[in-house]
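Me: I have a chain open here and would like to talk through how it is put together. Could you go through it with me, starting with the strands?

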Amino acid sequence: MSEPLCVGIDVAKGHVDVATDFGGQAQRYGNDVDGHTALVAALSARLVALIVMEATGGYEAELACALQAAGLPVAVINPRQARDFAKAMGRLAKTDRLDAMMLAELASVLRRRPDTARFLRPLPDADQQRLAALVARRRQLLSMLTAERLRIGPTTAATLIAQLPELGRLNRRQISALVGVAPMNRDSGQMRGRRAITGGRGQVRHTLYMAALTATRYNPVIQVFYQRLLAAGKLKKVALGACMRKLLTIVNAMVRDNETFDPDHVRT
């Protein structure tokens with residue numbers, strides 16, 4: 001029969017590093033539902049004596065519950081204990097992988113103590129397991145929702161086609177005014193107010209806002225345009241409004257000329 005493993009897990013927000021007391025390179029998994037599932041499967045296939053991880057402000061909670069639910073012994077310790085152990089062992093270097101290896105060594109020490117049980121995290125009752133499952137599912141759904149929100153290309157195209165049939169038939173000033181992204185004067189008598197975009201087609205304007213927000217990061221033309229406006233001292237809100245107009249102008253010209261987007265042919 002193989003020797004039981006002692007496992008150390010260093011937990012970060014986005015990933016976990018896993019090492020054993022048998023040496024070798026630490027393995028990295030995502031600190032998410034998929035990563036937890038893969039790690040539980042890997043450890044469940046081995047004989048595990050003890051798993052040690054640090055309390056990291058909650059980032060370890062879901063993984064600890066997942067490991068326990070699979071019947072694996074888990075000890076969540078105070079980070080100070082881990083630091084004191086590392087100092088005692090002369091471990092001065094610090095990386096995520098080295099920390100995981102150090103925690104595996106600590107697990108090997110703890111499992112030989114007669115009072116090992118006091119370090120183990122209590123098994124969750126049925127209600128706690130259900131709550132942990134709901135928390136894990138919530139994180140998964142939020143991740144999916146974020147991914148879907150980033151897929152704005154088809155949404156933007158569908159919205160413009162459905163709610164802005166005038167595309168390609170008007171000039172850039174007319175189409176901007178129609179949508180409500182052309183800045184309007186707010187003057188009265190001697191008062192000179194700040195110009196603002198208003199009116200027009202709200203749903204189209206909202207869709208353009210999300211598209212422009214993404215374009216300032218990923219579209220080479222809009223990104224350069226946006227950064228130039230900020231460098232000139234424009235407020236971010238004003239610069240983003242200008243990006244909405246430019247994006248609309250580009251789309252309007254593409255429909256008018258029946259052309260695809262070509263960044264080399266667009267002036268910034």
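Me: Which residue in strand 4 is the bridge partner of Gly-8?

Reply: The partner of Gly-8 is Val-52 in strand 4, and please keep in mind throughout that this is a predicted model. The pairing of strand 1 with strand 4 runs in the parallel sense and extends over five bridges.

Me: And what does strand 4 pair with besides that, and in which sense, parallel or antiparallel?

Reply: Strand 4 and strand 5 also pair in the parallel sense, over four bridges, and within that pairing Ile-51 has Val-74 of strand 5 as its bridge partner.

Me: How many of the residues of strand 4 are buried?

Reply: Six of its seven residues are buried, so strand 4 is largely enclosed by the rest of the structure.

Me: Back to strand 1, what is the sense of its pairing with strand 2?

Reply: Strand 1, residues 5-11, and strand 2, residues 15-20, pair in the antiparallel sense over five bridges, with Ile-9 standing opposite Val-18 of strand 2.

Me: What is the strand order in the whole sheet, then?

Reply: The order is 3-2-1-4-5 in an open sheet of five strands, and the pairing is mixed. At the edges are strand 3 (27-30) and strand 5 (74-77), each of which pairs on one side only, and the twist from one strand to the next averages 25°.

Me: Which strands does helix 1 lie across?

Reply: Helix 1, residues 33-44, lies across strand 1, strand 2, strand 3 and strand 4 (48-54), and it runs at about 140° to strand 3. Helix 4, residues 96-110, lies across strand 1, strand 2, strand 3, strand 4 and strand 5, and its direction is at about 140° to strand 1.

Me: What about helix 2, which of its residues are buried?

Reply: In helix 2, which covers residues 61-69, the buried residues are Glu-62, Leu-63, Ala-64, Cys-65, Leu-67 and Gln-68. Just after helix 2 comes Gly-71, which takes a positive phi of about 85°.

Me: Changing topic to helix 8, how many residues has it, and how far does it reach?

Reply: Helix 8 spans residues 202-218, which is 17 residues, and reaches 24 Å from its first C-alpha to its last, close to the 24 Å expected at 1.5 Å a residue.

Me: Which helices do its buried residues pack against?

Reply: The buried residues of helix 8 are Val-204, Thr-207, Leu-208, Ala-211, Ala-212, Ala-215 and Thr-216, and they pack against helix 6 (152-163), helix 7 (172-179), helix 9 (220-231) and helix 10 (236-257).

Me: At roughly what angle do the axes of helix 7 and helix 10 cross?

Reply: They cross at roughly 120°, with the axes coming within 10 Å, and helix 7 and helix 10 are therefore oblique to each other. Helix 7 passes helix 10 in a right-handed crossing. From helix 7 the contact is made by Arg-172, Ile-175, Ser-176 and Val-179, and from helix 10 by Arg-245, Leu-248, Thr-249 and Asn-252.

Me: Zooming out, how many helices and strands has the chain?

Reply: The chain has 10 helices and seven strands, and of its 268 residues 34% count as buried.

Me: What share of the contacts with a separation of 6 or more comes from residues 24 or more positions apart?

Reply: Such residues account for 59% of those contacts in the chain.

Key
Residues numbered from 1 in each chain as written. Predicted model: local features only at pLDDT ≥ 70, side-chain atom pairs only at ≥ 80, totals over all residues. Heavy atoms only, no water. Buried < 20%, exposed > 50% of the residue type's maximum accessible area, 1.4 Å probe, protein only. Helix = DSSP H or I, 4+ residues; strand = E, 2+ residues; numbered from the N terminus. Pairing = 2+ DSSP bridges. Axes fitted to C-alpha atoms, helices over the stretch in contact; angles between N-to-C directions. Contact = heavy atoms within 4.5 Å. Expected span 1.5 Å × (residues − 1). Parallel < 35°, antiparallel > 145°, perpendicular 65-115°, else oblique. Left-handed = near helix turned anticlockwise from the far one by under 90°.
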